[in-house]
Amino acid sequence: MVQELVGAIAAAGGVGLVYLAMAARVVKQYERGVLFRLGRLAGDVRMPGFTMIIPFVDRLQKVNMQIVTMPVPAQEGITRDNVTVRVDAVVYFRVIDAASALVKVEDYKFAVSQMAQTSLRSIIGKSDLDDLLSNREKLNQGLELMIDSPAVGWGVQVDRVEIKDVSLPDTMKRSMARQAEADRERRARIINADAELQASKKLAEAAQQMSDQPAALQLRLLQTVMAVAAEKNSTLVLPIPVELLHFLERGGQNGDAAAALPATAVQPAPDGDRGPRAG
């Protein structure tokens, strides 16, 4: 009798252990458990930790609540200014309602991927090329709003959408390179012209100052000679002041004028006269 009782207790214990092993479930910290009882959603979402289900009746399906990084394949489209481009992006999203993510959509990851691709093609058609290249933050916000609107009903929240790369045709790249080069050349010419204008104003002020103080020109000449001599050159170039050239020019003009005067003959005076007489 005792042996039969011990055997019954051992059998019950074994059955209990088997039942416990089949009913026990562990939900990880980054997961949530959705319980289906006979195919119907039963109870609240199971939180992380140890939980129990009814074997052969309940089915516990776990949903990952971590942020998912999903690359969007490159989409080719024509911008509003008729430029063919290929744009790829990346979507960051996470599940906020585990039950809705399983019940309301068959595969929420595939659904978000398809929605991201269609939204990206729509953004390409509504935008200009300059916006795709330089105003990406605004486009990212618009793309995030387009994806997040239907995803909220699936229990999914889109955290961020980023446009990664914009591929342009080779002809467009060459055209943009020529445009950028022409723009840089234009700015260089404007800068040079502005520098020449400022230099001319400063030189005019210096010339005015030197005309008021002639000694300043001599000091500047000596400084130039010292600067040339400091470089240890074998040849020393000594500039000639302009005033000296003007002085020599005036002296030459005076000599030519004196040579052009008519010569006067000096004749001896008569005996009664004491001085010479000009004839």
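## Basis of the description

The model is predicted: local features need pLDDT of at least 70, side-chain atom pairs count only at pLDDT 80 or more, and totals for chains, interfaces and linings use all residues. Residues are numbered from 1 along each chain as its sequence is written, and side-chain values use heavy atoms, with hydrogens and water left out.

## Overall composition

The protein chain has eight helices and ten strands. Helices (H or I, at least four residues) and strands (E, at least two) are DSSP runs, numbered from the N terminus. Of the 279 residues of the chain, 23% count as buried; buried means under 20% relative accessible area, exposed over 50%, and partly exposed in between, with a 1.4 Å probe and protein chains only.

A contact means heavy atoms within 4.5 Å. Among contacts in the protein chain with a separation of 6 or more, 62% join residues 24 or more positions apart.

## A three-stranded open sheet

Three strands form an open sheet in the order S3-S2-S5, with antiparallel pairing. Two strands pair if DSSP finds at least two bridges between them. Strand S3 (40-41) and strand S5 (58-64) are the edge strands, each pairing on one side only. Strand S2 (residues 31-37) is joined to S5 by seven bridges, and the two run antiparallel. Within this pairing, Leu35 has Leu60 of S5 as its bridge partner.

Asp58 also lies in strand S5. Asp58 is buried, with a relative accessible area of 8%. Its side chain makes a polar contact with the side chain of Arg37 (2.7 Å). A polar contact is a pair of N or O atoms within 3.5 Å; within protein, one must be able to donate a hydrogen and the other to accept it, and residues adjacent in sequence count only if both atoms are side-chain atoms. Leaving aside neighbours within four places in sequence, Asp58 is in contact with Leu35, Phe36, Arg37 and Ile53.

## The nonpolar cores

A nonpolar core is a set of buried Ala, Val, Leu, Ile, Met, Phe, Trp, Tyr and Cys residues joined through side-chain atoms within 4.5 Å. The largest one has 37 residues, and those with the most contacts inside it are Val85, Val87, Val91, Phe93, Tyr108 and Val156. Elements that each supply at least two residues of this core include strand S6 (68-78), helix H3 (108-126) and strand S8 (156-167). Helix H3 gives the most, with seven residues.

Apart from this core lies another, of five residues, among them Val27, Leu35, Ala42 and Ile53.

Asp88 is found in strand S7 (residues 84-95). Asp88 is buried yet has no salt bridge, and the nearest side chain of opposite charge, Lys164, is 4.3 Å away. A salt bridge is a side-chain nitrogen of Lys or Arg within 4 Å of a carboxyl oxygen of Asp or Glu; for charge, Lys and Arg count as positive and Asp and Glu as negative, while His and the chain ends are not counted. A polar atom of the Asp88 side chain lies 3.0 Å from the backbone nitrogen of Asp165.

Gln117 is found in helix H3 and is buried, with a relative accessible area of 14%. The C-alpha atoms of Gln117 and Pro73 are separated by 7.3 Å, although the residues are 44 apart along the chain. Beyond its neighbours within four places in sequence, Gln117 is in contact with Val72, Pro73 and Gln75.
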